Amino acid sequence: MFIGIDFQRKKEQTTVIGSCRPRVLCGLLWLTLLALSGIPLCIVPSAVAADPCDTIRVQVRVVQAKLAKSKKIPDPARRRKTSKRLKKQLRQLRTDLAACVSLSNFTNMVDVGNAGNPTDPADGDELTGGVQHFGAVAYDFRMGKTEVTLNQYVSFLNAVAKTDTYGLYNPTMATNQNVRGITRTGSSGNYAYTVIGSGDHPVTYVSWFDAARFCNWLHNDRPSGAQGSGTTETGAYTLNGADNGVGFVRETGARFWIPSEDEWYKAAYHHPAADGGPALNYWTYPTRTVMPPDNLVGGGANQANCRVSNKYSVTQNTTLVPTQNYLSNAGAYSGSPSHYGTFDQAGSNWEWTDGINGMNRIIRGGGWNNDNLAPRSSNRPAGYDPTLENDYTVGFRIAGQ
Ligand SMILES: [Ca+2]
Ligand SMILES: [Ca+2]
């Protein structure tokens, strides 16, 4: 929540106070303090969820107010000069706001608050002896509401893969009918990409490096151009052509990134008891349950795209049909969000994280062809080679500031 306080009737000063939690208590506190102060107020309405563009909206209102006030400047020359300067500022802010809203709509993220939460006391890795704890994150962050979709990935490809230097496209995206997909036309230098079927299906056949390059592209404001510095090779991750190994960490100033294991785990399973969650603050499944999900698409509670009694969710049949697409639209199990409002962390596709096991990156959450126990919090498989993209049940979601 951002509250802009306009002090301009007293003096030319504006203060923006940001990121205040818990929202309700904080809002009441400010209202009480400000009411007692007697200062004339302009409180910018805050959305239910924090909006990353609110800072710019506040700035727009401030400049608008200054512009209105500038009309009263007695000296015509000074009035014109001030007005010109403020109008220029306003144009730039409106351009910035449009870009921010466009990016915000494109990335479609939710807030993950409760910074400084403790780890899950339960074992987050049943394959490793002893108890391994996950889920503590010291800062607020945002998480993709859904897995990255075909529509999002096609936008990425059309922007930076006319020549596909680093293999962001995998031809199997067009040919595997279970998950397709994306088709490519033209020749190198003029490649064009189109969604096959529903663009709201999640993308598969993506390596960890494809995901990292997608994050770089977002970090760099979705530029169009060759794959290189400033498009896919720098930004959130400094890749510069790298396509193997696990020695890559997100840059300090990254705006978007592949979730850390703790971030992924927290967004999936954390739910403070004080907010109606379980006694130990973590669920066993991302659908806010301790029981495995069922797999009926729609608005029912505790549902996911996974197999139940060997039946696939989309067909409710146990036979894998080569011509059948088994993906569901992002967020289609609409009654089964995590506490933070993410969808499909249970099932649909396994998702890349930046967790490392040897030369592998950790994936979590289970896929559409796994049983409904796969999304459990203790299920931490040995991971995947980060170069591997030949899998029709591995996708990813983004995290960000
Ligand atoms: Ca263990
Ligand atoms: Ca998933």
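**The core and its surroundings**

Tutor: The protein contains seven helices and 11 strands. The model is a predicted one. Of its 401 residues, 38% count as buried. Among contacts with a separation of 6 or more, 66% are between residues 24 or more positions apart.

Let us begin with the core itself. The largest nonpolar core has 67 residues, and those with the most contacts inside it are Y153, L157, I182, A211 and C215. Several elements each supply at least two residues of this core: strand 3 (109-112), strand 4 (141-144), helix 4 (150-160), helix 6 (208-219), strand 7 (256-257), helix 7 (261-269), strand 8 (350-357) and strand 9 (360-364). Helix 6 gives the most, with eight residues.

Helix 4 deserves attention next. Its buried residues are L150, Q152, Y153, V154, F156, L157 and V160. An α-helix has 3.6 residues a turn, so residues three or four places apart point the same way. The spacing can be followed along the buried positions of helix 4, which include Y153, F156, L157 and V160. The buried residues of helix 4 pack against helix 3 (76-107), strand 5 (182-185), strand 6 (192-195) and helix 6. Leaving out residues up to four places away in sequence, I182 touches L150, Y153, V154 and L157, together with Y169, M173, A174, Y193, V195 and I196.

R180 and G181 are joined by a cis peptide bond, with omega about -15°. G181 belongs to the loop between helix 5 (172-175) and strand 5. Most residues other than glycine have a negative phi, and most peptide bonds are trans.

D221, in the loop between helix 6 and strand 7, has a positive phi of about 65° although it is not a glycine. N281, in the loop between helix 7 and strand 8, likewise is not a glycine and has a positive phi, of about 75°. Their surroundings can be described by counting C-beta atoms. D221 has 13 others within 10 Å and is therefore partly exposed. N281 has 21 such neighbours inside 10 Å, so it counts as buried.

Four of them form an open antiparallel sheet in the order 3-4-11-7. Strand 3 and strand 7 are at the edges with a single partner strand each, so one side of each has no neighbour in the sheet. Strand 7 is joined to strand 11 (residues 399-400) by two bridges, and the two run antiparallel. In this pairing, W257 stands opposite A399 of strand 11. Helix 7 lies across strand 3, strand 4 and strand 11, and runs at about 75° to strand 4.

Strand 8 and strand 9 also supply residues to the core. They pair in the antiparallel sense over four bridges, and N357 stands opposite N360 in strand 9. The hairpin they form has two residues between the strands, and G358 takes a positive phi near 60° there. Four of the five residues of strand 9 are buried, so the rest of the structure largely encloses this strand.

Finally, consider helix 3, against which the buried residues of helix 4 pack. At 1.5 Å a residue, its 32 residues should span 46 Å, and the C-alpha atoms at its ends are 46 Å apart, which agrees. Just after helix 3, N108 takes a positive phi of about 50°.

C53 is buried, because 20 other C-beta atoms lie within 10 Å. C53 and C100 are 47 residues apart along the chain, and their C-alpha atoms are separated by 5.9 Å.

To gather the picture together, the core draws on helices, including helix 4 and helix 6, and on strands, including strand 8 and strand 9. I182, one of the residues with the most contacts inside the core, touches residues including Y153 and L157 of helix 4.

Definitions and conventions: Residues numbered from 1 in each chain as written. Chains lettered and ligands numbered in written order. Predicted model: local features only at pLDDT ≥ 70, side-chain atom pairs only at ≥ 80, totals over all residues. Buried ≥ 20, exposed ≤ 12 C-beta atoms within 10 Å, placed from the backbone. Contact = placed C-beta atoms within 7 Å. Core = buried A, V, L, I, M, F, W, Y, C linked by C-beta atoms within 7 Å. Pairing = 2+ DSSP bridges. Expected span 1.5 Å × (residues − 1). Axes fitted to C-alpha atoms, helices over the stretch in contact; angles between N-to-C directions.
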